[in-house]
Amino acid sequence: MKKRDLLTASALALVLSVAAASAETVMNRGNDTDPASLDPHQTQTVSESRVLNDLLEGLATVDADGKVIPGMAESWDISEDGTVYTFHMRDAKWSNGDPVTANDFDYSLHRIMDPATAAGYASILFPIKNGEAVAGGNMPLDQLGVRAIDDKTLEITLENPTPYFIQLLTHQSALPVHKASVDEFGNQFTRAGNMVTNGAYMLDSFTPNDKLVMVKNPNYYNADKVAIDRVNWIPFDDISACMRRFQASEVSICSDVPGEQMDYVKANLADALHVSPYLGTFYLPIKGAEGSPLKDARVRKALSMAIDRDFIAEQVWAGTMLPSYTLVPPGISNYVDGGITVDYADTDLFDREDEAKELLEEAGVAPGSLTIELRYNTSENNKNTMAAVADMLKNIGVNATLNEVEGTTYFNYLREGGQFDVARAGWIGDYDDPQNFLMLYTSDTPFNYPRWKNPDYDALMAKAAATTDLTERANVLSDAEKLLLDQQPIIPILSYSSRALVASNVEGYHDNLLNDHLTQWLSLN
């Protein structure tokens, strides 16, 4: 071949390469914050779940409407007594070409329940037989009710019939990890270049405070139906910044909307705004140092009574949240009709403030003598909420200061037992059942941020777990919530709505109760 021909061929190859790159479909998605980890057994937040559900797929997954569908298991059988699930694996591959087998899930489920993993979300899998005992180090790991019968068949045995178990398996805690990668790279197995995935996407790069980049996984069994070739997940602790980039057409989806700018959003971005019921609760755990008045239930109840939830819902959150006095959100399945309430929910606010002052006096707290710190993770909506709470507490003679903490470390601090007075927390349902909310305040759950312990509460939750009649079980769970709210280690404030900005050229974004929007179901027109 002549030199000129070689140059022509080289130029043509370059043109074809540029053309191929320009044909790549790229989506920029806003996320609340960077993931603290990409190890599914070390994560706990919704922002991490969004990313992980693009990278990894469990035995079951969810479709564009948030409905549970088969994932790595193409089908399953359930025993007559509801305690043995047999999963039949589909033909699927990891991103490196290895087959996905029942052994991968046997390994992964044992790994998250291994005390050595110290997984904060292990408790969500306690319905598995011996799960709690194994995770607590009180029973050998090989006694966990999970076993691979062969490469294509996985058997999971439960302690009791669990009506939400398949939905639970869509949660990030039940996602698999690639054993050979963990063995080779240890805690570095989630780094770009090391991480092997079985979901619709592979990790390309991760630059904290900039973006996490994923590319389509060619080995994914459904790859021919995945329309987005590259996903840039961009963290926005300041959700107003996401909105600005959305308006500049630099981001296709913002995961949240600033409440203080909702009037502007409704006036200027109404077609892009998605507000939908969301299975979640915004609440304030109360801890306090030893000897603090916050250890007194009367003081905690006084704080709760002083908070004007209607004002916060309407003025701070611009009507995109609902006032709430309970941990279990409205509309949840398998609960008592209409849920429960507290005795002061319908009392006039001024009367409530008077009663709160009386409770403080009974507890020996003189007006102006108690100063507490309100801790919250970075977000304009959170800041405005906690500032409003601080103003409301002044009305009963309690002083409050604000402490804003950067998002990626915030929940790790709470989960690991960090000290605080009053903190901001939110819980989004992992599955549509009240147990998912009420289990947070059993004695040994890492998400029990105040480290509140009540044997009667634990007994009620254990009784509910062993109760197969759903009506009776709902009554037991409601008794547990009544006890929790009587002792008030937490102050529920709001029931969530999901709020997002979605560009008009995004297709496949369907509002749903759990706010699940996997990128594999999205496309750009």
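These legends describe close-up views of a predicted model. Residues are numbered from 1 along each chain as its sequence is written, and side-chain values use heavy atoms, with hydrogens and water left out. Because the model is predicted, local features need pLDDT of at least 70 and side-chain atom pairs count only at pLDDT 80 or more, while totals for chains, interfaces and linings use all residues.

**View 1. Arg 147 pairs with Glu 155 in a salt bridge.** A salt bridge here is a side-chain nitrogen of Lys or Arg within 4 Å of a carboxyl oxygen of Asp or Glu. The closest N and O atoms of Arg 147 and Glu 155 are 2.9 Å apart. Arg 147 is partly exposed, at 44% relative accessibility. Glu 155 is buried, at 18%. Buried means under 20% relative accessible area, exposed over 50%, and partly exposed in between (1.4 Å probe, protein chains only). The whole structure holds 16 salt bridges.

**View 2. Arg 499 forms a salt bridge with Asp 256.** Their closest N and O atoms lie 3.0 Å apart. Arg 499 sits in strand E18 (residues 490–502), and Asp 256 in the loop between strand E11 (253–254) and helix H8 (262–268), so the pair ties together parts 243 residues apart in sequence. Helices (H or I, at least four residues) and strands (E, at least two) are DSSP runs, numbered from the N terminus. Arg 499 is buried, with a relative accessible area of 4%.

View 3. Lys 394 is exposed, at 53% relative accessibility. Asp 391 is partly exposed, at 45%.

**View 4. Leu 501 belongs to the largest nonpolar core.** Such a core is a set of buried Ala, Val, Leu, Ile, Met, Phe, Trp, Tyr and Cys residues joined through side-chain atoms within 4.5 Å. Of its 156 residues, Phe 87, Ile 156, Leu 303, Ile 312 and Leu 501 touch the most other members. Strand E18 gives the most to this core, with eight residues. Beyond neighbours within four places in sequence, Leu 501 is in contact (heavy atoms within 4.5 Å) with residues including Met 243, Phe 246, Cys 254 and Val 265.

**View 5. A disulfide joins Cys 242 to Cys 254.** A disulfide is a pair of cysteine sulfur atoms within 2.5 Å. Here the S to S distance is 2.1 Å. The link is left-handed, with -105° about the S-S bond. Cys 242 lies in helix H7 (residues 239–247) and Cys 254 in strand E11, so the pair ties together parts twelve residues apart in sequence. Cys 242 is buried, at 2% relative accessibility. Cys 254 is buried too, at 1%.
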